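Work through the exercises below with the sequence and the structure at hand. Try each task before reading its solution.

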Amino acid sequence: MVSTTIYHITHLPEWEAAIRLGTYATPSLVSQGFIHCSYVHQLERVANHYYPGQIDLVILVIDPQKLTSSLMIEKAVDVDDNFPHIYGPLNLDAVEKIVDFPFVSDQLFSLPPELA
């Protein structure tokens, strides 16, 4: 099991819906079988590639030791880097903190100070 903190970018309304439901899942869990996550050094790149200019983004700070679903570290060949993937829904008690993730300029993101 990975002990390094992992992170997931989502929209605040999706997280709020998960709180009401008691569990968090993404469309990728259905289409690809897992929830995409990142390490802290990957957050800016992921946000600027997949979410440019989007509002209401938050970063879920996840303790992998608390996950009830399987976690696998897998290579994304298109960017030649390893990423954490959660194979199943994310249990809410594994989320240690929620950090706002607004874009800062030119609709691009920078790592929030509390995660830098």
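**Exercise 1: a salt bridge across the chain**

D81 and R45 form a salt bridge, with 2.7 Å between the closest N and O atoms. The model is a predicted one.

Task: find which elements hold D81 and R45, and decide whether each residue is buried, partly exposed or exposed.

Solution.
Step 1. D81 belongs to strand β5 (residues 81-87), and R45 belongs to helix α3 (residues 43-50). The two residues are 36 residues apart, so the pair links distant parts of the chain.
Step 2. The relative accessible area of D81 is 19%. Buried means under 20%, so D81 is buried.
Step 3. R45 has 37% relative accessibility and counts as partly exposed.

**Exercise 2: the other salt bridges**

Task: how many salt bridges does a search of the whole structure find? Describe the pair of K66 and E96, then the pair of D80 and K75.

Solution.
Step 1. The search of the whole structure finds three salt bridges. Side chains of opposite charge can pair when their charged atoms come close.
Step 2. In the salt bridge of K66 with E96, the closest N and O atoms are 2.8 Å apart. This pair also links distant parts of the chain: K66 is in the loop between β3 (57-62) and β4 (70-76), while E96 is in strand β6 (residues 95-100), 30 residues apart.
Step 3. K66 is partly exposed at a relative accessible area of 38%, and E96 is partly exposed at 45%.
Step 4. The side chains of D80 and K75 meet in a salt bridge at 3.2 Å, N to O. D80 has a relative accessible area of 54%; the value is over 50%, so D80 is exposed. K75, with 49%, is partly exposed.

**Exercise 3: an open sheet**

Task: give the strand order of the open sheet of three strands and say which strands stand at the edges.

Solution.
Step 1. The order is β1-β3-β6, and the pairing is antiparallel.
Step 2. β1 (6-11) and β6 each have a single partner strand, so they stand at the edges and one side of each lacks a neighbour in the sheet.
Step 3. From one strand to the next, the twist averages 25 degrees.
Step 4. The antiparallel strands β1 and β3 are joined by six bridges. I6 has I62 in β3 as its bridge partner.
Step 5. Across β1, β3 and β6 lies helix α1 (residues 12-21), which runs at about 105 degrees to β1.

**Exercise 4: aromatic pairs**

Task: classify the ring pair of F34 and Y87 and the ring pair of F103 and F109.

Solution.
Step 1. The count of aromatic pairs comes to four. A pair of aromatic rings is described by the distance of the centres and the angle of the planes.
Step 2. For F34 and Y87 the ring centres are 5.3 Å apart and the planes stand at 45 degrees, so the pair is tilted. F34 is in the loop between α2 (27-31) and β2 (35-36), Y87 is in strand β5, and the two are 53 residues apart.
Step 3. F34 is buried at 9% relative accessible area, whereas Y87 is partly exposed at 31%.
Step 4. The rings of F103 and F109 have centres 6.2 Å apart and planes at 90 degrees; an angle over 60 degrees counts as edge-to-face, so this pair is edge-to-face.
Step 5. F103 is partly exposed at 29%, and F109 is buried at 2%. Together with F101, these two residues form one aromatic cluster.

Definitions and conventions: Residues numbered from 1 in each chain as written. Predicted model: local features only at pLDDT ≥ 70, side-chain atom pairs only at ≥ 80, totals over all residues. Heavy atoms only, no water. Salt bridge = Lys/Arg side-chain N within 4 Å of Asp/Glu carboxyl O. Helix = DSSP H or I, 4+ residues; strand = E, 2+ residues; numbered from the N terminus. Buried < 20%, exposed > 50% of the residue type's maximum accessible area, 1.4 Å probe, protein only. Pairing = 2+ DSSP bridges. Axes fitted to C-alpha atoms, helices over the stretch in contact; angles between N-to-C directions. Contact = heavy atoms within 4.5 Å. Phe/Tyr/Trp six-rings, centres within 6.5 Å; stacked < 30°, edge-to-face > 60°.
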